[in-house]
Amino acid sequence: MNAAAWTCLVLPLASAVAITLCGTRISRRLAGYVATTAALGAFAAAVTAFVIMLGESPDERAHTTTSWTWLSAGQYRFGFTLLTDQLSVMMMLVVAGVGSLIVAYSVGYMDGDDEERRYFAYISLFVFSMLLLVQSGNLLLLLAGWGMVGLSSYLLIGYNQERPSAIAAAKKAFVMNAFGDATMALSLFLLVQHTGRLDYAGVFAASPHGGAIANLIALGLLGGALAKSAQIPLHTWLPDAMEGPTPVSALIHAATMVTAGVYLIVRCHPLFENAYVIEDLAAGLGAATLLMAGLIALVQVDIKRVIAYSTMSQIGFMFVGAGLGAYPNAMFHLMTHAFFKALLFMTAGLAIHAIVGEQDIRKLAGIGKLMPFTKIVFLVGSLALVGIPPFSGFFSKDSILASALDHGWYGIVIFVAGLIGTFLTGIYAFRLYFIVFTGEPTAFAREHIHLHQGKEAPFSMRWPVAVLALLAGIGGLLQFAPLWHPLTTWLDPVAAPIVEPTTTQEWIASTLAVVAGVAGMAVSWAIYSAHRVRAPKPVRLFEKKFYWDELYDLIWYRPADAIARGLYTFFEKPLIVGSLAAVTGGAGLGSRELGRAQNGLVRSYALALASGLAILTVVFVAVR
Amino acid sequence: MRGPDIQWYVVLSAILFATGALGVMLRRSPLIILLSVEIMLNAANLLLIAFSRLHGREDGQVFAISVMAVAASEVVVGLGLIVALGRRNVELDVDKLRTLRG
């Protein structure tokens with residue numbers, strides 16, 4: 001068990017190190033194969049761990065293994081500890097599984113790029129960091145993984161380093177995530193102060209119940225989760241992060257890293273349950289994000305940005321689930337979302353790859369006719385996203401909505417927001433599908449399409465997409481809340497839900513959500529496919545993304561800029577620069593004046609000597 | 001002990017020293033300045049010997065002889081310079097000899 005856990009963690013790191021050290025001694029393609037093999041190996045190790053765990057009794061499935069004491073300060077000792085339990089095995093399977101598919105896809109997607117080796121080293125580093133995050137056995141190691149996924153996300157967003165917009169996006173992502181890291185670190189300080197330890201079990205047992213401290217601890221953790229998962233108010237980095245290569249968007253900004261916030265809440269749910277206000281806040285922010293992102297996605301014209309807003313919206317659903325206490329449902333949606341959102345991104349990547357890097361949906365319009373495979377898999381992804389049975393989104397999203405019904409009036413408000421969100425999902429997902437994949441191809445698309453030996457994409461890109469399409473299609477059948485729920489049972493010892501929706505509520509939620517989704521699809525069909533209704537003019541508020549960027553510019557950048565300028569004008573220039581000038585000028589003046597005394601007149605020297613002597617004499621006599 | 005009291009020696013020495021110092025400060029000829037310096041040195045010698053006599057010890061006399069030796073060397077160098085200047089027909093005026101002022 002422990003060997004499997006360590007293998008899973010170390011293989012991607014070994015791959016990153018090997019690719020880095022080998023440099024140009026290995027071919028670019030080989031670097032891709034090394035990274036793919038390592039990711040597949042990690043997946044195999046995760047599967048091994050899972051199988052071993054299946055054979056154990058549910059209460060004995062948590063294993064910790066410490067390789068060495070990583071940090072010790074006074075009486076505190078923090079080991080390099082891995083925790084393998086039901087929750088982390090599930091995350092390992094998702095991360096390594098989806099990760100290996102996407103790395104395999106990258107081999108085809110990045111083919112011919114000048115710096116493929118750098119790409120594969122980065123992406124292996126990312127897989128390692130993400131596994132470290134989910135496998136860590138204490139909060140300190142989790143924070144290390146948390147920071148490292150931020151770093152690899154930064155490196156991969158800014159992968160096209162010759163493009164200034166990519167660099168700006170990378171910096172933005174890093175800074176916003178650093179804010180979350182900081183609040184998390186503060187929360188860990190509080191935990192150390194009040195419990196004296198950071199391993200999960202110890203912290204959960206000893207942390208304070210209720211009160212300001214418990215709220216602050218949960219709030220700090222929530223800050224980290226919000227930043228990493230791109231939820232209001234720390235969400236603005238995610239759409240810009242689409243500057244990275246498309247497989248990166250699929251892996252980091254859809255399937256794995258951005259869902260780390262949900263994992264954090266589920267993993268630390270006892271801390272959040274001690275501070276139910278913060279837990280409700282998480283659900284509320286999730287609901288707000290899912291609505292806002294859905295509205296913005298309606299008017300975006302960049303295919304990847306639409307999917308990015310959709311990701312924010314879906315993570316909003318997960319936050320609702322985690323915040324309301326429906327932890328298994330949130331994790332289930334995390335898993336199905338990883339399947340269908342990675343699928344959507346990779347399908348978009350197929351289109352972008354074929355039409356030489358074009359991402360504007362008005363130019364890509366109608367390519368479904370030229371790329372039938374892409375069209376079908378995109379349709380599967382979209383249906384799963386909207387939650388049409390039997391595709392996977394239906395099973396996971398609806399059970400989250402059902403849990404909202406079991407949470408008083410607050411839950412009802414969130415439930416309504418979720419329904420509206422589902423309706424919006426129907427519109428924007430099928431707006432993409434109808435515009436990009438149905439109808440006649442544009443002249444631009446016909447002219448620029450670039451097939452690969454008669455196929456839409458190389459084999460290395462098609463098979464991962466096909467596997468993911470299969471998973472997005474049937475992966476949801478794993479759990480159908482009213483009838484069977486193996487996942488909830490599996491996660492029960494680690495994260496037992498605190499809401500129990502009745503079967504009636506499940507059915508109500510499912511029916512209403514499907515109706516809302518279908519209604520959205522119908523609206524979208526009427527506008528973008530049948531052209532029965534004229535498309536309404538894009539709302540400026542949505543196009544401007546609710547002015548969050550402008551707001552942050554106004555709140556943070558402008559004052560900082562003004563203060564810096566003020567300090568320069570009123571402080572640095574007169575005091576620092578001025579004092580330097582005064583010192584040099586004074587030294588010059590002083591030496592010039594002193595130089596006059598050396599006039600070459602022997603008599604004046606003698607006079608100076610004599611008067612000095614006279615003064616000394618007087619002084620000595622007087623002092624005595 | 002015979003001879004005048006120590007006060008007389010001190011006063012004489014002070015007068016001699018002041019004379020020499022004034023000479024150094026007021027006169028322009030290097031020759032006279034050199035002479036004035038000699039007067040100052042001898043004022044110091046006088047004091048050394050006077051106190052040596054007062055205390056009945058020889059240290060002061062030894063010092064006086066050393067000072068004389070130094071003064072003699074100094075005069076040799078100084079006079080040599082003055083003679084060299086004179087040979088070159090340079091005007092012997094310290095106020096005008098300022099080229100090494102730096």
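In which strand of chain A does A:T81 lie?

Mentor: Please keep in mind that this is a predicted model. A:T81 belongs to strand β2 of chain A, which covers residues 76-84. The residue counts as buried, because its relative accessibility is 11% and the cut-off for buried is under 20%. Leaving aside residues up to four places away in sequence, A:T81 touches A:T64, A:T65 and A:T66, and also A:Q135, A:S136, A:G137, A:N138 and A:L141.

From this strand we may turn to a pair of helices. Helix α3 (residues 86-109) and helix α11 (residues 260-267), both of chain A, have axes that come within 11 Å and cross at roughly 170°. Angles over 145 degrees count as roughly antiparallel, and α3(A) is therefore roughly antiparallel to α11(A). In their contact, A:L87, A:S88 and A:M91 of α3(A) meet A:Y263, A:V266 and A:R267 of α11(A). By class, this contact has 4 nonpolar, 1 polar and 1 charged residues.

At least two of the lining residues come from each of α9 (237-240) and α25 (548-595) of chain A. Sorted by class, the lining of the largest cavity has 4 nonpolar, 2 polar and 3 charged residues.

Note on methods:
Residues numbered from 1 in each chain as written. Chains lettered and ligands numbered in written order. Predicted model: local features only at pLDDT ≥ 70, side-chain atom pairs only at ≥ 80, totals over all residues. Heavy atoms only, no water. Helix = DSSP H or I, 4+ residues; strand = E, 2+ residues; numbered from the N terminus. Nonpolar A, V, L, I, M, F, W, Y, C, P; charged D, E, K, R; others polar. Axes fitted to C-alpha atoms, helices over the stretch in contact; angles between N-to-C directions. Parallel < 35°, antiparallel > 145°, perpendicular 65-115°, else oblique. Contact = heavy atoms within 4.5 Å. Buried < 20%, exposed > 50% of the residue type's maximum accessible area, 1.4 Å probe, protein only.
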